[in-house]
Amino acid sequence: MENLMRVCRSCRAVGTLLLTALSWSSCLPVGEEAVCTAPGLGRYTISFTGKWSQTAFPKQYPLFRPPAQWSSLLGATHSSDYSMWKKDEYVSNGVRDFAEKGEAWELMKEIEAAGEKIQSVHSVFSASAIPSGTGQTSTQLEAHSRHSLVSFLVRIVPSPDWFVGVDSINLCEGNRWKEQVTLDLFPYDAGTDSGFTFSSPNFATIPQDTVTEITSSSPSHPANSFYYPKLKSLPPIARVTMMRIKKRQRVFVPTPPAMVRMGNEIEDSLSETPLDCEVSLWSSWGLCTGPCGKTGAKSRTRYVHLQPANNGTPCPELEEETACEPDNCI
């Protein structure tokens, strides 16, 4: 009898421990693979650096109406229950509006709704636009142990629906906050507009496509502004650095959105991408002209599609002449 009572007490203890564990795990975000147990809040300065220069990206580089520039940065710290955008998946209406027009209102509402419905968003942060292709803008963000992922978007201006950003980068590593995270950024296509060039007119993609990374060979079309078939990969078009703020602050105050540095203040070296000359096909041969009884000459021409840059292959001859027998004597 005494042994039976001892077994029952053990069963009750195990049951209590199991219920406690289940109750604790139910508070965790769904699908969280590695639990973050870092103490307190993780506070970071996030610096976005534009590296979109005419030297690094000479093809069709926008110089006016409008010139190359970056939209404001919009991001959130969140759990794995929320996704702002993801490669090979369809974007939301809010991300579409932001990628195509730089309008943040719908995306802000989506982030707010996710935070209220499933408490998957801890905070939202933003940084000022950069009025040139190269420059820097900064702000601050705050992460929680159960909301340690960071996602953000910055629109490439001008462009059909192209952007750069990060998707669910984890600032936590086990029981500690990472001191620094630095990532090179490359362009993405939101899959909502079919334009090939920076200045393409609005041409909706129907049906909508998924998010794809733009590379030096994809889309594989000579008209594409990022098409550099001789490159194995594009140089980074931007970079982001998230640096942990070590000093403890009583009140978290985001950095004013005016911290924008222009391109000539960027110390980081910029890539130089060679751009080869591109010419049209030859025209038809012209009429053969010359005096009767003697050899005449005829010519054909071609024109430059794209001027070379950064020590790229120079343009070939644009006019060619050959001997012929005159059709009409002079």
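Serine 148 sits in the loop that runs between β4 (134–143) and β5 (149–157); strands (E, at least two residues) are DSSP runs, numbered from the N terminus. The model is predicted, so local features need pLDDT of at least 70 and side-chain atom pairs count only at pLDDT 80 or more, while totals for chains, interfaces and linings use all residues. Residues are numbered from 1 along each chain as its sequence is written, and side-chain values use heavy atoms, with hydrogens and water left out.

**Serine 148.** With a relative accessible area of 2%, serine 148 is buried (buried is under 20% relative accessible area, exposed over 50%, partly exposed in between, with a 1.4 Å probe and protein chains only). Its side chain makes a polar contact of 2.9 Å with the side chain of asparagine 170. A polar contact is a pair of N or O atoms within 3.5 Å; within protein, one must be able to donate a hydrogen and the other to accept it, and residues adjacent in sequence count only if both atoms are side-chain atoms. Leaving aside neighbours within four places in sequence, residues in contact with serine 148 (heavy atoms within 4.5 Å) include Cys36, His78 and Trp177.

**Backbone.** Most residues other than glycine have a negative phi, and most peptide bonds are trans. The table lists exceptions.

| Item | Value | Location |
|---|---|---|
| Arginine 65 to proline 66 | cis, omega near -15 degrees | proline 66: loop between β1 (42–51) and β2 (69–78) |
| Valine 157 to proline 158 | cis, omega near 0 degrees | proline 158: loop between β5 and β6 (162–170) |
| Glutamine 60 | positive phi of about 55 degrees | loop between β1 and β2 |
| Arginine 65 | positive phi of about 50 degrees | loop between β1 and β2 |

Glutamine 60 is partly exposed at 32% relative accessibility, whereas arginine 65 is exposed at 80%.

**Aromatic pairs.** The whole structure holds eleven aromatic pairs. Rings of Phe, Tyr and Trp (its six-membered ring) pair if their centres lie within 6.5 Å; planes under 30 degrees apart count as stacked, over 60 as edge-to-face and the rest as tilted. Phenylalanine 57 and phenylalanine 226 are edge-to-face, at 5.8 Å centre to centre and 90 degrees between the planes. This pair links distant parts of the chain, 169 residues apart, and both residues are buried. Phenylalanine 198 and phenylalanine 226 have centres 5.2 Å apart and planes at 80 degrees, so this pair is edge-to-face. Phenylalanine 198 is buried. Phe57, Phe198 and Phe226 are among the members of one aromatic cluster, which also includes Trp52 and Trp162.

Notes: Helices (H or I, at least four residues) and strands (E, at least two) are DSSP runs, numbered from the N terminus.
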